[in-house]
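Let's walk through this model together, one question at a time. Have a look at it first.

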Amino acid sequence: MSKKNSSSLAALLLASALLVSGCGGPAAEGEYFGRMEAPEGQVLRYISGSEPESLDPQRSSGQPEARVHMALFDGLVEYHPKTMEPIPSIAESRGEIDEDASEYVFRLRKNARFSNGDPITAHDFVYTMRRGLKPELASRVAYLAYEIKYAQGYNEAGSFVRDPKTGRFVRASEAEAAKEGEAAAAPAAPLDAEESHKSELARGGESAAPDTEFHKFIHEPTRLVVPSDEADRQKAYKANPKLKSLVEGKELVPVRAEDIGVEAVDDYTVRITLERPAPYFEGLLAHQFFRIVPKKAIEQYGNDWVKPGRFIGSGAFMLAEHKPYNQIVVTRNPYYWDAAAVKLDKIVFYPLEEQTTMLNLYKTGEVDAVYNHTVPSSWLKAGVKKMRDYMDAPENTSEFYNINITKAPMNDLRVRRAFNMAIDREGLAAFKVTAKPGVTLVPHIFLKYPRPKGVDFDPEGAKKLLVEAGYKDASGKYDPKKFPAGDVEINYNTNESNRQTAEFVQAQWKQHLGITVSLRNVEWKTYLDMRSKREYKGFARAGWVGDYMDPYTYLGIFTTCEGGDNGTGWCDPKFNKMLQEANSEPDEQKRLDMLAQAEAYFLNQQPVITLMIPATNWMKKPYVKGLYPNPGTLHAWKYVYIEHDRAKWDRQMPDMTTAELAEK
Amino acid sequence: MFRFIIRRLLVTVPMVLIVVSLTWALIRTAPGNFYSGEKKLPAAIEKNIRAKYGLDQPWYKQYARVMTNTLRLDFGNSLRYENETVNDILKRTIPVSATIGLLAYLLALAVGVTFGTLAALKPNSKLDYVSMALAMLGISLPNFVLGPLLVLVFALSLYWLPPARWDGFPSWSLVLPVLTLSAVYMAYIARLTRSGMLEVLRSDYIRTARAKGLTEKDVVVRHALRGGLLPVVSFTGPALAFLVTGTVVVERIFAMPGLGNYFINANLNRDEPLILGIVAFISIAVLIANLLVDIAYGFIDPRIRY
């Protein structure tokens, strides 16, 4: 959730470099920042962030890696260059989903090929998923696939439990019932195990993929999975005492790779069965973890398969050169299924970390674009923010304050609302420079999502609410002295930017409510613990980076009452039910409407104070087309090209309120 | 002499082991680990990772492994850059750092010795004041200020030179980092040469040389420099080791893919094998550089015998 690793050295470097470059001033340069000469041909030079941990898409977790992986590997779906919604890629069309979004069928293109010319089939996707989830691979992002049935069990080296006499497997529902009360609170309760499979398709195809042996197995009532490791199992018994009686005396059958809910129905049909309905699952499939890897090269070269010369990829580009911390060169893959549409001949990625250095390269025209969060705020204030090549759009992130609603005075809804109304978010965004005002929890990046209005800045209304809550003098006027200011404070994890935000909010409340709330900063790991146990009074900062492109990644935080990332103590069965109903709605637009209603309900209860949505904050030269400031700063490279005709150069940031793309 | 060298080389082994042990202990006590990141990992995934890298074994087993690795000079794969071994990384980055470091030192030596000598020959002259003032500036101006200043002038304003990036050797992109790096050394060497030469020029054997009727050039170059440069030689050892093993700040400002850059990141990433490998390499480099300096003394200064 906190975004960057920063060393004091890096900060020092930056500070001194700024000091120096401040005199020259980037401002005096006109409408665009620095030199503007399009390079010859179709070559893009892009600064991609830290050196990738690995070019193996399943063994790295970060965005610097994702940017390169998106050139080298293709998935069933790809991120839309603007909205980041899933668009079909190796799959011919969007997935066909069953009625409750717990099973997806993808039909693959017949002409999809690896960079060595081998065809890509359904079996390659199955191999990719089994490999990624293998415990020995120790992938850090394997949890992304945990929605898939038995994926978690396999990745955690778990076992099914079988009665040796009858041969019957113990069902998950038996253990669930054992945990009293808890199952009811969880919104994403597993499918009713007895419920028969609904084969009727809600979207897309006319006919479902045929029934198979595996399909029957995967639709049997969900089996119980327990840790294979003795010590871990003992722990699990402690958490759920009834488990022990279910498992004792029975035999353990390890979950195998073949058991996970991914099936090649035929050479070009993939069927994915999920643990529970998840309409956002298709969006996850564009993540690098799900992009197709070459079995042949991996089995032949082991760890070294990602080296140039041995490398085989599935993406629009293939690896030509890799010099760590210097450059990664990728060139057009002639076998790519959509090769005719690929416009660039070559992309040169420069892995680089120093902000000043990369912007120096950008200014002198040695690179054509940089990644997000790269322009220092002092440069922005000096004029870069107004330049036409500055990319300033909202991100898939939300910053807000949790309110501990279990302690007075914040247990009073009127008080919570009053504090919410006493913050000028426009002012906050202007003060932070690289942020947009956040009136709702869900950032305004989902074009089809009808955002609720939210309650904005209204200091007079805030005072009225506080009067209603009893903070008034004898004559009935608002009296801030009556408010127990000592019982609230703003808690945040130690960080310069968080401190600035907290000071701004503190000043707002002092100015508009006459209440001085004290600030408290806590070290990160301690902070997380404190927040989830609600050992704080008043407010606690949270910054949530969306895991996928769907409003549910934000709303879902507040479905668990205890622990987890919900630090408010607020939880409401009605809200959970609204979300659950929305997630079982097959119609996309209807579902989003229902989620928006749930968010409106949530905001009305005010368990959090929304603050701001961070902005993308990066730059690209006007001659680079098809590269958009999308909410995750992940680019589908095949859409990008260099425009040599000056008349067609971008005069401003591309319009992000429509999904339309630039056409060459 | 031979026995001296052997003895010194033998001492290197326990020294390196001690340095590596201390570093290992420090890494152990530092909070966080290489897989901890923005979001908390599920327990099972953390377990998979710990098992894969042997972090679930008792500490003495892990320590024993580190010690054998050190003796074999093979630290295995990096934890962060999984597809590379520590030795791959060293082999690739040392030439980069060494190129910049050696060039910077040669430049510093040429300019420093020249101006230091000239200043010593005419003490309190204009040339002396100007070059020593410049040297003072060079010492006081840290490279993280000088580097961006040079970039601002030559790259961002004049567009003469690239502002950063390694482009192989030789290339224009080396000019700014080498200049930045050499400034401090140039200044030190100039001052050391000046004071060394001043002392030597006043000594008896120089007076004798002059009395024999040698030309001023012969006196300075053949007799005085040899003694006057002794302080520079002792400075060279650690300086060279430091330069060749990478200079973090300059490599970061100019985005050079050298060892220094990796050293910072390895620490930030808690990449244990990589940190240990780099530390072992640097300590070996320092020990050997010092040994070479001691040997050089024997040749330069007739008073020193081993």
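The buried residues of helix 14 of chain A pack against strand 16 (397-403), helix 16 (459-468), helix 17 (496-513) and strand 21 (608-614) of chain A. This is a predicted model, where local features need pLDDT of at least 70, side-chain atom pairs count only at pLDDT 80 or more, and totals for chains, interfaces and linings use all residues. Residues are numbered from 1 along each chain as its sequence is written, while chains are lettered from A and ligands numbered from 1 in the order in which they are written.

Q: How many residues of helix 14 (residues 413-421) of chain A are buried?
A: A residue is buried if 20 or more other C-beta atoms, placed from the backbone, lie within 10 Å of its own. Among those in helix 14 that pass are A:Arg416, A:Phe419 and A:Met421. The helix is mostly covered, and the count is 7 of 9.

Q: What is the secondary structure of chain B?
A: Helices (H or I, at least four residues) and strands (E, at least two) are DSSP runs, numbered from the N terminus. From that end on, the elements of chain B run α-α-α-α-α-α-α-α-α-α-α-α-α. The total is 13 helices and 0 strands.

Q: How far apart are the end C-alpha atoms of helix 3 (residues 59-72) of chain B?
A: The expected span is 1.5 Å times one less than the number of residues. With 14 residues, helix 3 of chain B should therefore span 20 Å. The model agrees, with its end C-alpha atoms apart by 20 Å.

Q: Which residue just after helix 3 of chain B takes a positive phi?
A: Look just past the end of that helix in chain B. The phi there is about 55 degrees, and the residue is B:Leu73.

Note on methods: Buried ≥ 20, exposed ≤ 12 C-beta atoms within 10 Å, placed from the backbone. Contact = placed C-beta atoms within 7 Å.
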